[in-house]
Amino acid sequence: MILKPLIKNFMIYQGTTFMTNFEWTVPGYELTDDCTAEMQIRSEIKSAQVICEASTTNKRIIIHPSLNLIEVKIPASETSLFAFDKAVYDIELEFPNGDRFRIVQGQLSLSPEVTRSV
């Protein structure tokens with residue numbers, strides 16, 4: 001099976017919590033509590049430096065099996081440190097049997113924060 005990732009671009013508002021979710025509806029692959037997911041943000045695809053990492057391990061990605069949802073939440077304390085104009089990301093989902101799929105990818109734009117500590 002070839003699974004083509006969803007292309008989804010986002011605006012991140014610096015200094016605010018970034019939240020989004022994705023519905024999972026692939027027959028034969030049910031979301032379970034044993035699934036894991038990882039997301040990385042980089043300035044460009046080939047960059048060695050990771051700007052931000054979200055995963056089920058660090059609890060910035062939460063899988064809701066009963067709702068068929070994958071939720072991403074990056075706290076304001078992290079987005080306040082973002083300094084890019086544009087960046088790229090993807091999210092990979094892994095099932096207990098080892099099958100791994102890139103489920104979404106895209107570009108991120110940053111809207112700089114005006115209200116901030118002086």
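1. Surface. In this predicted model, the chain exposes about 7,500 Å². Carbon and sulfur atoms supply 50% of that area. Of the 118 residues, 36% count as buried.

2. Charges. The chain carries 11 positive and 15 negative charges.

3. Overall dimensions. The C-alpha atoms fill a box of roughly 50 × 30 × 20 Å along the principal axes. The radius of gyration is 15 Å; a compact globule with 118 residues would have one near 13 Å, so the chain agrees with that expectation.

4. Secondary structure. The chain has one helix and nine strands. Among contacts with a separation of 6 or more, 64% join residues 24 or more positions apart.

5. Nonpolar core. The largest nonpolar core has 31 residues. Trp24, Met39, Ile41, Ile91 and Leu93 touch the most other members. At least two residues of this core come from each of strand 2 (10–13), strand 3 (18–23), strand 4 (36–42), strand 5 (52–55), strand 6 (61–64), strand 7 (69–74), strand 8 (86–94) and strand 9 (100–111). Strand 9 gives the most, with five residues. In soluble globular proteins, nonpolar side chains tend to be buried together.

6. Met39. Which residues does Met39 touch, not counting residues up to four places away in sequence? They are Cys52, Glu53, Ala54, Ile61, Val72, Ile74, Tyr89, Asp90 and Ile91.

7. Tyr89. This residue is found in strand 8. Tyr89 counts as buried because its relative accessibility is 5%, and the cut-off for buried is under 20%. Leaving aside neighbours within four places in sequence, Tyr89 is in contact with Lys8, Phe10, Met39, Gln40, Ile41, Val104, Gln105, Gly106, Gln107 and Leu108. Tyr89 and Arg42 are 47 residues apart in sequence, while their C-alpha atoms are 6.4 Å apart in space.

8. Ser109. Is Ser109 buried or exposed? Its relative accessible area is 17%, so Ser109 is buried under the cut-off of 20%. Ser109 has its place in strand 9. Beyond residues up to four places away in sequence, Ser109 touches Phe10, Met11, Ile12, Phe84, Asp85 and Lys86. Phe10 is also among the contacts of Tyr89.

Key. Residues are numbered from 1 along each chain as its sequence is written. This is a predicted model: local features need pLDDT of at least 70, side-chain atom pairs count only at pLDDT 80 or more; totals for chains, interfaces and linings use all residues. Side-chain values use heavy atoms; hydrogens and water are left out. Helices (H or I, at least four residues) and strands (E, at least two) are DSSP runs, numbered from the N terminus. The radius of gyration is taken over C-alpha atoms; the globule rule is 2.2 Å times the number of residues to the power 0.38. Buried means under 20% relative accessible area, exposed over 50%, partly exposed in between (1.4 Å probe, protein chains only). Contact means heavy atoms within 4.5 Å. Accessible areas come from the Shrake-Rupley method with a 1.4 Å probe; for residues, only the protein chains shown count as cover. Lys and Arg count as positive and Asp and Glu as negative; His and the chain ends are not counted. The place of a charge is taken as NZ of Lys, CZ of Arg, CG of Asp or CD of Glu. A nonpolar core is a set of buried Ala, Val, Leu, Ile, Met, Phe, Trp, Tyr and Cys residues joined through side-chain atoms within 4.5 Å.
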